[in-house]
Amino acid sequence: SSDDDAVAVGPPFDAASHTDPEAVAEALVELTKGVLQAVRCLSEEKVTCGLQRSFQRIAFGIDELLSRLPSVSEDSSQSTTALDGADKNASTDLGAATEALLELRSSLVGIRTAEIQEIIQVGLPL
């Protein structure tokens, strides 16, 4: 589980209470150790799984959002002649937003594991 992979984090650094250069240097050493520990925990598999889960969550969020939006069907575009200008614009904007969200969802769901791994291999020296 992700809790097993959690790295212990200390209290936030308070610069105002660390005016001594040695204390600041010690804090930087601890920060560097923490970053090093986090980087050591990274692997291509963990990054790939994390990205895939993130994409799935975004796709799920898009599904949830779309389920809450009023539907914009082709029939409604024919009935927009009776709407005033503001309502027509809102309906057009809603339709465009829905299409953009559907396209984004389709793109996220269509990303293959091999594509993610290729990007990681090029971008992250793991």
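Ile-120 counts as buried, at 4% relative accessibility. The residue sits in helix H5, which covers residues 113-123. Before going on, note that this is a predicted model. In that model, Ile-120 lies 9.6 Å from Ser-43, C-alpha to C-alpha, although the two are 77 residues apart in sequence.

Now the chain as a whole. Which elements does it have? Five helices and zero strands. Read from the N terminus, the order is α-α-α-α-α. The chain has 126 residues, and 10% of them count as buried. Ile-120, with its 4%, is buried because the cut-off is under 20% relative accessible area. As for contacts, take those between residues at least 6 apart in sequence: 81% of them join residues at least 24 apart.

The crossing of H2 and H4 is left-handed.

Which residues make the contact? On the H2 side they are Phe-55, Ile-58, Ala-59, Ile-62, Asp-63, Leu-65 and Leu-66. On the H4 side they are Thr-98, Leu-101, Leu-102, Leu-104, Arg-105, Leu-108 and Val-109. By type, the residues of this contact divide into 11 nonpolar, one polar and two charged.

Let me take Thr-98 from that list. Thr-98 belongs to helix H4. Is Thr-98 buried or exposed? At 17% relative accessibility, Thr-98 counts as buried, because the limit is 20%. Setting aside neighbours within four places in sequence, Thr-98 is in contact with Leu-66 and Leu-69. Leu-66 is listed on the H2 side of the helix contact as well.

Side chains of opposite charge can pair when their charged atoms come close. Here Asp-63 forms a salt bridge with Arg-105, and the closest N and O atoms are 2.5 Å apart. This pair links distant parts of the chain, with Asp-63 in helix H2 and Arg-105 in helix H4, 42 residues apart. How accessible are the two partners? Asp-63 has 32% relative accessibility and counts as partly exposed. Arg-105, at 26%, counts as partly exposed.

How many salt bridges does a search of the whole structure find? Four. Besides the pair just described, I will go through two others.

One of the four is between Lys-33 and Glu-30, with the closest N and O atoms 3.6 Å apart. Both residues lie in helix H1, residues 21-41. They are three residues apart, about one turn of the helix.

Another is between Glu-115 and Arg-112, whose side chains meet at 3.8 Å, N to O. Glu-115 is partly exposed, with a relative accessible area of 32%. Arg-112 has a relative accessible area of 52% and is exposed, because the cut-off for that class is over 50%.

To recap: the chain has five helices and zero strands. Asp-63 and Arg-105 form a salt bridge that runs from H2 to H4. Thr-98, in H4, is buried at 17%. And Ile-120, where I began, is in H5 and is buried at 4%.

How values were computed. Residues numbered from 1 in each chain as written. Predicted model: local features only at pLDDT ≥ 70, side-chain atom pairs only at ≥ 80, totals over all residues. Heavy atoms only, no water. Left-handed = near helix turned anticlockwise from the far one by under 90°. Helix = DSSP H or I, 4+ residues; strand = E, 2+ residues; numbered from the N terminus. Contact = heavy atoms within 4.5 Å. Nonpolar A, V, L, I, M, F, W, Y, C, P; charged D, E, K, R; others polar. Buried < 20%, exposed > 50% of the residue type's maximum accessible area, 1.4 Å probe, protein only.
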